[in-house]
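Take a walk through this protein with the structure open beside you.

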Amino acid sequence: MNQHESRIRDYLSENLKIIEEGMLLVKKEFYIQNNLGAGGFIDILAKDSLGHFTIIEIKRSNEAARAALHELTKYSTLLTSSLGIKIHNIRAILVSTEWHELSTPFSEYLRATNISTIGLVISANQDGEINKVSQFIPQEEVEPLKIERAHQVHLFENKEDREKALNPLSIAAQKASILDFAILTTDYSGGNSTVIHPYGAYFVFSSPVNYQNPKKLKKFIKTSKIPWEDLDDPAENFLCRLGDFTKFNYSSFEIGYPEKLSAMASDGWKVNVAVRQGKYSSNTAVISNDALIREAMQIEGGA
């Protein structure tokens, strides 16, 4: 702990009401011994008004913040294993002036820990006197990319018209609140003479909202102003909205799905990736075009 952190610790230990009314000091620099590994000193151990033991850890620099989550985990475990305190009787508070490096991992830590934990954003002068305190607001959980089963296919008689449609289709997707998407080109080179529209713009996307989270879904619908319907596949709402903004000419339109794309690739259609937007435009180093196509087909080797 550097000198500034020590001053903040000393000031805070004498003014615990800044954190919470009724908080009482047990001891600052509370030492916990661990016979099986590293012990350590809790910056401040306190008790709240309900009798919960409260671990208060103080970090000032981004570099020190990286060790904060390790220490919170270690000390809460040691209070239980070494001192016999029940896990439901332990709280943790992380106090820091710097949250740049800490924000993302701490947000994830809050979702995973079984200890009641909060973060406090503070401002302190050189004497360690705290002049501002606010509670850290965790980052929202980010959903991983997952190509939906609902696809959309615009077909064209000639390649030139298809190429001209790619940019308007991208613009329409963004207006429909679809941020992470790809447009595949499907070119027919087989011998079936009944195929009269041999050039396709095949649209696939990852939903910007988790349908299984009603609270987030309700918030998204309100802010995006998408007229949401009770469809069998909720992702089709986005494709319906996409159609509202489609402003280019095409010869034919079809609904797509993984099995259809896979069948096309096996039946003389050459599939390539023409457009990647959102996270798909920045993750090319880890998700290749071939991998993206496999995921759209939902075959082994996809996501």
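Contact here means heavy atoms within 4.5 Å. Keep in mind that this is a predicted model.

Begin at helix H4, residues 103-112. Its buried residues are Ser-103, Phe-106, Ser-107 and Tyr-109. They share the same side of H4, because they cover an arc of only 160 degrees around the axis. What covers these buried residues? The cover includes helix H3 (68-81), strand S4 (90-96) and strand S5 (116-124).

Now turn to the rings. A pair of aromatic rings is described by the distance of the centres and the angle of the planes. The whole structure holds 15 aromatic pairs. One of them joins Phe-106 and Phe-136. Their centres are 5.6 Å apart, with 65 degrees between the planes. Planes over 60 degrees apart count as edge-to-face, and this pair is edge-to-face. The pair links distant parts of the chain. Phe-106 belongs to helix H4, while Phe-136 sits in the loop between strand S6 (130-135) and strand S7 (151-156). The two are 30 residues apart. Both Phe-106 and Phe-136 are buried.

Ring pairs link Phe-181, Phe-203, Phe-205, Tyr-211, Phe-220, Trp-228 and Phe-238 into a cluster.

Go back to Tyr-250 and Phe-253. With Ile-255 and Tyr-257 they form a nonpolar patch on the surface. Together the four have about 380 Å² of accessible area. Tyr-257 lies in the loop between strand S10 (252-256) and helix H8 (258-266). Its relative accessibility is 39%, so Tyr-257 counts as partly exposed.

Last, look at the backbone. Glu-29 is not a glycine, yet its phi is positive, near 50 degrees. Glu-29 lies in strand S1, residues 24-32. At 29% relative accessibility, Glu-29 counts as partly exposed. Lys-225 also has a positive phi, of about 60 degrees, although it is not a glycine. Where is Lys-225 found? Look in the loop between helix H6 (214-224) and helix H7 (236-244). Lys-225 counts as exposed, because its relative accessibility is 64% and the cut-off for exposed is over 50%.

Notes:
Residues numbered from 1 in each chain as written. Predicted model: local features only at pLDDT ≥ 70, side-chain atom pairs only at ≥ 80, totals over all residues. Heavy atoms only, no water. Buried < 20%, exposed > 50% of the residue type's maximum accessible area, 1.4 Å probe, protein only. Helix = DSSP H or I, 4+ residues; strand = E, 2+ residues; numbered from the N terminus. Arc of directions from axis to C-beta. Phe/Tyr/Trp six-rings, centres within 6.5 Å; stacked < 30°, edge-to-face > 60°. Patch = residues over 30% accessible without salt bridge, like charges linked within 9 Å, V, L, I, M, F, W, Y side chains within 5 Å. Areas by Shrake-Rupley, 256 points an atom, 1.4 Å probe, with all protein chains shown as cover. Salt bridge = Lys/Arg side-chain N within 4 Å of Asp/Glu carboxyl O.
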